[in-house]
Amino acid sequence: DEQIERERVSQRLSGGCCALAVVYLMGKFYVANAGDSRAIIIRNGEIIPMSREFTPETERQRLQFLAFLRPELLGKEFTHLEFPRRIQPKELGKKMLYRDQNMNGWAYKKIEEHDLKFPLIYGEGKKARVMATIGVTRGLGDHDLKVFSSNIHIKPFLSCFPEVRVYDLTQYEHCPDDVLVLGTDGLWDVTNDKEVAGVVMEVLTSYEPNDPCRYTMVAQELVVRSRGVLKERGWRLANDKLGSGDDISVFVIPLGGPGNYA
């Protein structure tokens, strides 16, 4: 992240990205995720999550706590408090549900003038944004990202530190159908874990266990199905729902070699 900050000046580069990395070391997989990509292990048909997405919703309390400690980062235009909806001036003096950095549930408070500011976190699901700007809260770069038409920097709220999960391969017997799947949000936006596992099993069973291209074909099939087919109303999936409009990158990594296949 610091290198990207330096190069944005020397190379005149801007922007940022999420990161999902896997390291195999001494019989263990270390899965590090900073962003909204996802990794799952499929072992004997069982789905084992190896990461979680970092979004304004999943990191609400971290973001609110930082804003509480350093209110100057909000530029006098935002409030660190969260409300179920945007407050209107006519609601001053009335009571409304809210929550702060210390709360999981909701409580009531009397609406005051400063509560009319735009909330630090606004929207739900994929539409949730930090300062109405970005929907991912961990990643690399974005040092110059600002709130539209303002001088308020978003970067202080974006963490470059990943969450790391460990999977010990020596604790289990693995066959060639056991895999680790890594995918960007373009895959997971339209395909859930169970559907991905179904595609993995479907494609793998159509190839011999010793065929090395079987894993590449699984990755290709996951990309194709998530993008869909171009029709008059845009890219459509098999169920006629909208296909992914985001970038889709997929890796499928075998956990067991052919020698383990009895």
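In the UniProt record, an unreviewed entry, residues 1–255 carry the feature "domain: PPM-type phosphatase". The structure described here is a predicted model.

The domain assignment divides the chain into two parts. Domain 1 is made up of two segments, 1–52 and 162–254, whereas domain 2 covers 59–141. A distance of 32 Å separates the C-alpha centres of domain 1 and domain 2.

The interface between the two domains was examined next. Contacts across it involve 14 residues of domain 1 and six residues of domain 2. The size of an interface is often expressed as the accessible area that is lost when the parts come together. For domain 1 and domain 2 the buried area is about 810 Å², and carbon and sulfur atoms contribute 56% of it. On the domain 1 side, 37% of the area buried against domain 2 comes from Asp1, Cys17 and Asp36, more than from any other three residues.

Polar and charged interactions also occur between the domains. Four residue pairs, with both members at pLDDT 80 or more, are in polar contact between domain 1 and domain 2. The side of domain 1 that touches domain 2 consists of six nonpolar, three polar and five charged residues. Three salt bridges cross the interface of domain 1 and domain 2. In a salt bridge between Lys126 and Asp189, the closest N and O atoms are 3.2 Å apart.

In the whole structure, 22 salt bridges were found. One of the salt bridges joins the side chains of Glu82 and Arg60, with an N to O distance of 3.6 Å. Glu82 lies in the loop between β6 (78–79) and β7 (95–98), while Arg60 belongs to helix α2 (residues 60–69). The two residues are 22 residues apart, and the pair thus links distant parts of the chain.

Key:
Residues are numbered from 1 along each chain as its sequence is written. This is a predicted model: local features need pLDDT of at least 70, side-chain atom pairs count only at pLDDT 80 or more; totals for chains, interfaces and linings use all residues. Side-chain values use heavy atoms; hydrogens and water are left out. Domain bounds come from an automatic or database domain assignment. Contact means heavy atoms within 4.5 Å. Buried area is the accessible area (1.4 Å probe) that two parts lose on being put together, summed over both. A salt bridge is a side-chain nitrogen of Lys or Arg within 4 Å of a carboxyl oxygen of Asp or Glu. A polar contact is a pair of N or O atoms within 3.5 Å; within protein, one must be able to donate a hydrogen and the other to accept it, and residues adjacent in sequence count only if both atoms are side-chain atoms. Ala, Val, Leu, Ile, Met, Phe, Trp, Tyr, Cys and Pro count as nonpolar, Asp, Glu, Lys and Arg as charged, and the others, Gly among them, as polar. UniProt positions are given in the numbering used here, feature names are shortened, and annotations may be inferred rather than shown by experiment. Helices (H or I, at least four residues) and strands (E, at least two) are DSSP runs, numbered from the N terminus.
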